[in-house]
Amino acid sequence: MGEVAELIDRGIKAYVSGRVGEALRSFQEVLERDPENPRARSYLLLIHGGAAGMVPDPIPLPAPAAVPLPGPGGESAAPQPTLSPPVSNPPAAPSSPGGDQFAPSPWDEGPAAAATFVLEPDGGLDLQAVAEKSDLRPLVPDGGTPPAAQAPARKEVDVWMQAAKELFALGDFTGSLELIEKILQVDPDHGSARDYLRQNEATLIAMYESKLGPLASVPRLAIKPEEVMWLNLDHRAGFLLAQIDGTVDYEALFALSGLPRLDTARILANLIADGVITS
Amino acid sequence: MNDLEPAIGIDLGTTNSVVATVRDGIPRVIPNRSGQTLTPSIVAVAKNGKKLVGALAKRQAITNAENTVFAAKRLIGRRWASKEVDDARHVLPYPLVSGPDGNDVRVELAGRVFAIPEISAMVLAELKADAEAWFGRPVNKAVVTVPAYFNDGQRHATKDAGRIAGLEVLRIINEPTSAALAYGFGKQMERKVVVFDLGGGTFDISILDIGKSVYDVVAVGGDTYLGGEDFDRRVIDWLTFSFAKDNGGVDLREDKMALQRLKDGSERAKIELSGLTSTAIHLPFLVGGGEGKPALHLDRQLTREKLEELTRDLVDRCIAVAERTLKDAGVRPAQVGEVILVGGMTRMPRVQKAVKDFFGREPCRGVHPEEVVALGAAIQAHALTAPQPGLEVLLLDVTPQNLGIMVVGGYFQTIIPRNTTVPTSETHLFTTVQDNQTSVRIAVLQGASERAVDNELLGEFVLDGIRPARRGEVEIEVTFDISADGIVGVSARDVVTGQQQSITVTATSGLTEEEMKRILDERVDELLEKKQTTQEFDLRRERMSATMAEIEGLRPAVSEALERTRFGKDAVQKAEAVLSRVRQAIEARDTSALGEQEESLERTLQLFKGLAGAGRGPGAR
């Protein structure tokens, strides 16, 4: 499952950086390994521009490679209707040659088919939307965002918000929080996002703190001091670890860290999970 | 243990504070609740809103600099417009504001303005709580030490800090006097003693003439911005530059977390080098390595030789100050009978050697330099609360500085000299300097300078209605009265006409009586709240301990029941986990954690009752 987590991380990072193609590939790989993975399904829904309330079921799931799916009459199965991508535009492309042997893939429909693009009234493609969902960068330098270009951002915010709510409902508070933070970067006054921020944070803090035990207990190093440098920590975890000297309790560590409570709780819970410290 | 109410001595330092007492006739330092003898004189409000005092506040002093108050002693009892406050404003990272009417200086901490005595009171309250934990009973009486150069206002402010902390300050005594007292010099021959005090933030040198029970501070010198922190800074700089050299110019000072650890590590290394010739500074994952790169470690070896090289000029500065102070006092190093080392920095071998070379004699050893002042204060506190025949040493309340008035030419005329025992009264005659002069202005001052302008103005008034006469013919009688409480009354009277005018000068900490009342009320509220929390914890602990006992009582029956079934083992395992969490919460005195487990514990009891009941059921034998 470590691979799955890594793929999800990679997918999220790619998505947040605007490398949608790479994100899509990562989440698809996750589903190959764990077809019911809720995070991957939610992100795929997001990438496909899922509307509010849309369930993430109709995400294309690949069948095992080169294994023909027998139909009721013993024929190779065509892609099942429920597995078609949740896009309305353009319509699903015909199966590729030899499709009898391969499971459907969103790439069968071409990269553009994987996302919802807004067509201009005259039928032209919204290049800004393409640019935002593409790995390609605009060839012309940014000259300030034209007013028309802000509409997709607002639209995306709604999609992100919906996905954040669904991730929250699925119990993926970290994923939900990441999206909420993304929304608040675009719209710092987004009321619903603020509410979910608080709920996500409170839930995550409670989750991590439950792993610490009583906050008045004093954590101690569970490994030899000379082994610390062989760990894989960032400097914030290094700072917190340096404060753990057998005299300071968890509550004091929260005060000392200077970090948001969620970050401190997460670092400490990870240190416990990795066997670096013990209560 | 005797039944006398315990009394403590407190060394309220600029950087660290120490509390001590006399128990079974032996002066001893009281460790704080973390087991340390030194408590950093630092107060903070952490980013999560928690109030921190002492070591915890120190450990986040850099990462949360704007909400951490240190060195409050530099500001206590000072006027807003004073040079010292102006100097401090350039150095201190936390915001200072003027008190009402500019009488004093205040500090802004987490959006609230505090008077300096309130900040010092937080440190004193922490020491009081440590002492109470050690004695296991309330402690209310204390002797607190201050530098010999503190004026009335500063002493009064320190006393107010004690009052806010819930302490009755029996006496304020001079730090060098306290150190000498701890060495027991009063019992020996008369001699001249130098107290060489190199603390965390300041360097003070005092020359004392000690008789059988008289401790006269005859000269004071020092540098208020020279101390252990300067030594630490040299190590920090050395580490920073070498780290930048090894890591492509990464400047650790730009990262607050890295700088905090660097400071802690540097201080630790410096302390270790007082006993070792070399030490390792090992700070793993100190700073981020840049995008996608692992965090960087700092790993250096520091030798005593290198530390001495880095700090040579600081030690030289101490000796230069000592030389100047002795010269001003007309004392030759050879005339000094003893040298007492005070302050943690004097444990550095290079400092000890410099002192020995300058005075031509080994400094006194035997008492810990960081504890000696508090021990002296504890001895004084003990003498005041448990007087014993033949030992009623010790120190009398004396005026800390010369008191007098301004006379023609802008000079300062002393009327009551420093170290005069109070209460006291003194009268001097003055005369007019102009023909037909009908009024005189009496400016009341305190200080050591001959020039009035260099001393502190305590108050002034005008005596008018003087009979017109040639200069020098009118005699004005000026009387200073100091009560046992330190209140100074000054009156001026025309000897012939009897015309009189007077003022009363009361040393003030800058806090008004209303402010003091509000602060004390707040403190009472805090104590009540704390008491309520403690009571709540005790009640809950009692209740849950009874439930646990009941569970333990059912355990044999439960074990018996489980032997006959394959069910219930998981539930029992969960129950064990609940019991373990309850025990941890009780040990940590964590009321809320205990509360969280109360329902689970109750369910566990019901489960055990059920299992035990099943075990005793009809089918059971």
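**Chat on chains A and B**

Me: How many residues of chain A are in contact with chain B, and how many of chain B?
Reply: 24 residues of chain A are in contact with 28 residues of chain B, where contact means that the C-beta atoms, placed from the backbone, lie within 7 Å. This is a predicted model, in which local features need pLDDT of at least 70 and side-chain atom pairs count only at pLDDT 80 or more, while totals for chains, interfaces and linings use all residues. Residues are numbered from 1 along each chain as its sequence is written, and chains are lettered from A and ligands numbered from 1 in the order in which they are written.

Me: Which helix gives the most to the side of chain A that touches chain B?
Reply: α8(A), with 7 residues. α8 (235-243) and α9 (250-257) of chain A each supply at least two residues to that side. Helices (H or I, at least four residues) and strands (E, at least two) are DSSP runs, numbered from the N terminus.

Me: And by class, what does that side of chain A have?
Reply: 13 nonpolar, 7 polar and 4 charged residues. Ala, Val, Leu, Ile, Met, Phe, Trp, Tyr, Cys and Pro count as nonpolar, Asp, Glu, Lys and Arg as charged, and the others, Gly among them, as polar.

Me: Switching to chain B. What domains is it divided into?
Reply: Domain 1 (1-183 + 367-390), domain 2 (228-312), domain 3 (403-505) and domain 4 (514-615). The bounds come from an automatic or database domain assignment. The centres of domain 2 and domain 4 of chain B, taken over C-alpha atoms, are separated by 46 Å.

Me: Sheets next. What is the strand order in the one with mixed pairing?
Reply: β15-β14-β13-β18 of chain B, an open sheet of 4 strands; two strands pair if DSSP finds at least two bridges between them.

Me: Why is one side of β15 and of β18 left without a neighbour in the sheet?
Reply: β15 (215-223) and β18 (338-342) of chain B stand at the edges, each with a single partner strand, so one side of each has no neighbour in the sheet.

Me: How do β13 and β18 run, parallel or antiparallel?
Reply: Parallel, with 5 bridges joining β13 (residues 191-198) of chain B to β18(B). Phe196(B) has Leu341(B) in β18(B) as its bridge partner.

Me: Which strands are in the antiparallel sheet of chain B?
Reply: 4 strands, in the order β20-β19-β22-β23, also form an open sheet. β20 (411-416) and β23 (456-464) of chain B are its edge strands, each pairing on one side only.

Me: What stands opposite Gly404(B)?
Reply: Thr414(B), in β20(B). Strand β19 (residues 403-407) of chain B is joined to β20(B) by 5 bridges.

Note on methods. Two residues are in contact if their C-beta atoms, placed from the backbone, lie within 7 Å.
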